[in-house]
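I wanted to know how the parts of this model touch one another. These are my notes, in the order I looked things up.

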Amino acid sequence: MAKDDVKQAYKLVGTRVLRPDGLDKVTGRARYGADFAMPGMLYGAVARSPHAHARIVSIDASKALALDGVKAVVTRADLPEGLTGEDWNLQENAMAGEVALYDGHAVAAVAATSALLAKDAARLIEVDYEVLPHVTDVDEAMKPDAPVIRPGAADHTVPDGMPPNVVKYFEFGRGDVEAGFAQADLVRERTYRTEATHQGYIEPQACVGQLGSDGKGEMWVTTQGQWYVRKMCADLLGLGVAQLRVTPSEIGGGFGGKTTVFMEPLSLALSRKAGGRPVKLVMDRAEVLRATGPTASASMDVKIGMKADGTMTAARAEFRMQGGAFPGSPVNEALECAFAPYKLAAVEHIGYDVLANRPKAAAYRAPGAPMGAFAAESLIDEMARELGLDPIELRLLNVVEEGDRSSYGPKFKRIGLREVLEATKVHPNFSVPLGPNQGRGVATGFWFNYNGDTSVSMAIAEDGTAQVAVGTPDIGGGRASIGLMVAETLGVPYEAVRINVVETGALGINEPTHGSRATFATGKAAVLATEQATREMCRRAAADWGIDPDAVEWVEGAAQPAGPNAGKFPPMSIAEIAGNMSNTGGPIAGHWEGVPRGVGASFGTHVADVEVDPETGRVTVLRYLVVQDAGRAIQPDYVEGQYQGGAVQGIGWALNEGYVYGADGRLQNAGFLDYRIPVASDLPMIDTVIVEVPNPGHPFGVRGVGETGITPPLPAIANAVAAATGVRLADLPMNPPRVLAAIRSRMDD
Amino acid sequence: MRYHTPQTFEEAARIAATGSGTTRFLAGGTDVLVQMRTGLVTPDDLIDLKHIPGAYDITQAPDGGWQIGVAVSGAALGEHPELGRAWPGVVEAMELVGSTQVQGRATLTGNLCNGSPAADSVPALVAAGAVVRVTGPDGTREVPVEEIPEGPGKTALVPGEVVSALLLPPRGAAGGDAYQRFIPRTEMDIAVVGCAVNLTLDGDVIRAARVALGAVAPTVLLVPDAAAALVGSHWDDGARARIEAAARAAARPITDKRGTAEFRTHVAGVLAGRVADIAYRRAKGEQT
């Protein structure tokens, strides 16, 4: 097993230490976005379009402004003109210009002395709309007679003659796909659809923004990336980027949805107009669902050829995704991930990024990959059943390994899919006997993982404890894992290290906690920064001993002579060096800035056991297994938590979550009653196996674990439902009405 | 907004009758307060009934019937030592409403007066033959529960009328009731279909029955044909097929975000069969 590869030489890495944020969170002391307050603070509220698509004829805020206590109203006219590209998209999404593009699109905002007053004032803002035809479905949006959402929005990738709502076009692959299909014994082609889902973070967007007439501003905000918030807000408001200081709060979930801005720039615009008083904006759940970024909805064609033994000869995917009224659906990522687990000589990918009258999509945990996996893994499962092949053996037959060229182009470095599949095969869940109306589904998923701009600074305190300033908010255990790696490198107890997530003024730029990157990238940077500090501490010891610094090494929390030739001195501990640092050259610190190289991709395989009530179509998940390559699990509790969280979000997506639009283009389920995230009692214990095939590109072998876990559940559940019922559902969600209709249509056959 | 804390139902009715604008009664508040928070309703007069003596009481009459106060919460209902033995279907229906926190506040009377066709406790109350006492400007009258809802959010109560108590009949011997709902999840959800059955036996034979369906019409439905399908039977396969068919025939649901009309119609039959089975076994004295 893969476990045999793991060196057990670490004192701290791999241990289940206490969570550094645990006490604050269980006592309610942790400060989330909505907990921040300032003297003289105003409260904001946003007026939103009730129409899916409507020209804004006029906005009259006079009644709102006449209320005692209303201090400012802003519309698009208060934001600078002339933005281009994604800056324009973000500005247009934060506040509609000439046309409201979706139900919930902001059209005006107000600041007042109380939250209640602000809401009342927002209701008094009179907007005259000319309602336009709308389209919310991706396939409908591609029809030639569909309402055109933004004429001329297509970029250079779109060939002439495409429908006007297609704004990006992707085409890549290799080999002769037709020849591959000709060599196959079985060729199947199917169409699959997935509905848009929301990240469903428990904490709604919240911020306090303050901006003076001098162009200097501050913001306190719940976010995955304070530097992204800073850059986006500064660009949208025409500020110097460094003049804005952004402090992240504790975060109540993000899953990608908090890597961008929605109403945050409006708090600054309101503050500027209200004489620089801070303005607090907190979304309610309906605003979160209507006006922050869910993921895309998808319509996908997949064609696969297989030999009778299961060898895949060719594969083709053509995916269409809408990511709202702006470019940026994750169709390219979906295509790149769809066939990534398989060795393929011939593969073809085509993708369309399509506009529709829905909110602007944001990242959601492995953006695109769950949809791509749903399409590809559903068809592979169907063909495996047709050929009478074991789902794991079929995947092992086609498995990608180190040196193989991926379906999306680059060659894989060391990866652990084979080890994952072997571990799945021997897990007890895989051999539990099933009863009537029960079925087992297997699926594999992939995510690239990511590095990105990273800045870390660490410093030694006077008593030999250490502080580390990181720029990646802790959404999945980053403080614990980075703390463990720094403590391991320093040779001090875990408790001697404090990890601080800092504001934008304290470090160089950092990308958000996204792409499963924090433990990989910030962790690697923190280790490199720590090594800079240990080198300095070796130098201080060398100076004291009067020997060459190169003759001193850092071992278990102390400087010591590197060998017998270096001289005989007792080790000088970190506490001793730190206690004396003012006399030996001053502060001791380390820092690292860059884009850490050596990203390690990760694969996972899930096994879902379900029971389907044949009379109601209700699906109960009986058992669920996640097997995933972590590279190295720095803190296994958090790694298991990430595996379980990804699986649960995927289960929700597969079964009951999904945006429901009425014929009027309005969102019908803007609340957690009818946007059905699984509740705890809906789920079995999510079993996990951490496979560790260390990533050679990271000092401790880390790959990143946040995202891969959401990539297999959609097809794993669909394949289990197919096994339980004999009918295959190609459209998500597989809610009871759909499952029952499928069962009954089979019975009618 | 004026907030009132009357000490009697007559006073509450007077305030409601003389109010000039929008009036809401406040018991548990699990609907009214949410509606206020989301801006669906802003009452001019909010009349809190919880200060009226008896509002929190569950009392049994000498004939075995029950009087349940308007502020009795789902949690209190569930913890009552006797009521759940007499009317397990009513209690289990009310206990399905909301979360643990909501259970600490939500009331049977509020669930009824909110006027939702999907209210969980209402089919169970209808099947049980429950009656509400209504206090109004012209005195007090008693109304069968099935006559209160008139459509989504609408009741037969006229301005100035307030429900002052809920009355359950004596359980009597060899009776059983049950309620189930269909939801896509396991809790924290709203009924896509609900069904309650209340029956009494004479030996193994069903002597009398009442069947009610929720969420398949603008109001909760009392379905006499479904009851007739049971009466006289030993709860055999034929009876099951008949109650399923009768429930489906009575259902006239809409298609909405929670389910299609076709789905609701089919599941109404499924639930009717399943719930009748539980009620029958309870009437036989079996543990369910």
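**Notebook: contacts between chains, domains and helices**

Entry 1, the chain contact. I began with chain B against chain A: the contact takes 15 residues from chain B and 18 residues from chain A. I keep in mind that this is a predicted model. Which helix gives the largest share of the chain B side? I found helix H11 of chain B, residues 261-283, with four residues. I then sorted the chain B side by class. I got seven nonpolar, four polar and four charged residues.

I looked up the domain assignment next. Domain 1 of chain A comes in two pieces, 368-449 and 599-748. Domain 2 of chain A covers 454-594. How far apart do the C-alpha centres of the two domains lie? I read 40 Å. I also checked what each domain of chain A brings to their contact: 16 residues come from domain 1 and 14 residues from domain 2. On the domain 1 side, I noted eight nonpolar, six polar and two charged residues.

Entry 3, a sheet in chain A. I traced an open sheet of three strands, in the order E20-E21-E22, with antiparallel pairing. Which strands are at the edges? They are E20 (552-555) and E22 (572-573) of chain A, and each pairs on one side only. I then looked at strand E21 of chain A, residues 558-561. Two bridges join E21(A) to E22(A). For one facing pair I wrote down A:Ala559, which stands opposite A:Met572 in E22(A). I also looked for a helix against these strands. Helix H15 of chain A, residues 518-545, lies across E20, E21 and E22 of chain A. H15(A) runs at about 130° to E20(A).

I turned to H18 (residues 636-655) and H19 (residues 713-725) of chain A. Their axes come within 8 Å and cross at roughly 55°. From H18(A), the contact is made by A:Ala647, A:Gly650, A:Ile651, A:Trp653, A:Ala654 and A:Leu655. From H19(A), I listed A:Pro713, A:Leu714, A:Ile717 and A:Ala718. By class, the contact of H18(A) with H19(A) has nine nonpolar residues, one polar residue and no charged residues.

Definitions and conventions
Residues numbered from 1 in each chain as written. Chains lettered and ligands numbered in written order. Predicted model: local features only at pLDDT ≥ 70, side-chain atom pairs only at ≥ 80, totals over all residues. Axes fitted to C-alpha atoms, helices over the stretch in contact; angles between N-to-C directions. Contact = placed C-beta atoms within 7 Å. Nonpolar A, V, L, I, M, F, W, Y, C, P; charged D, E, K, R; others polar. Domains from an automatic or database assignment. Pairing = 2+ DSSP bridges.
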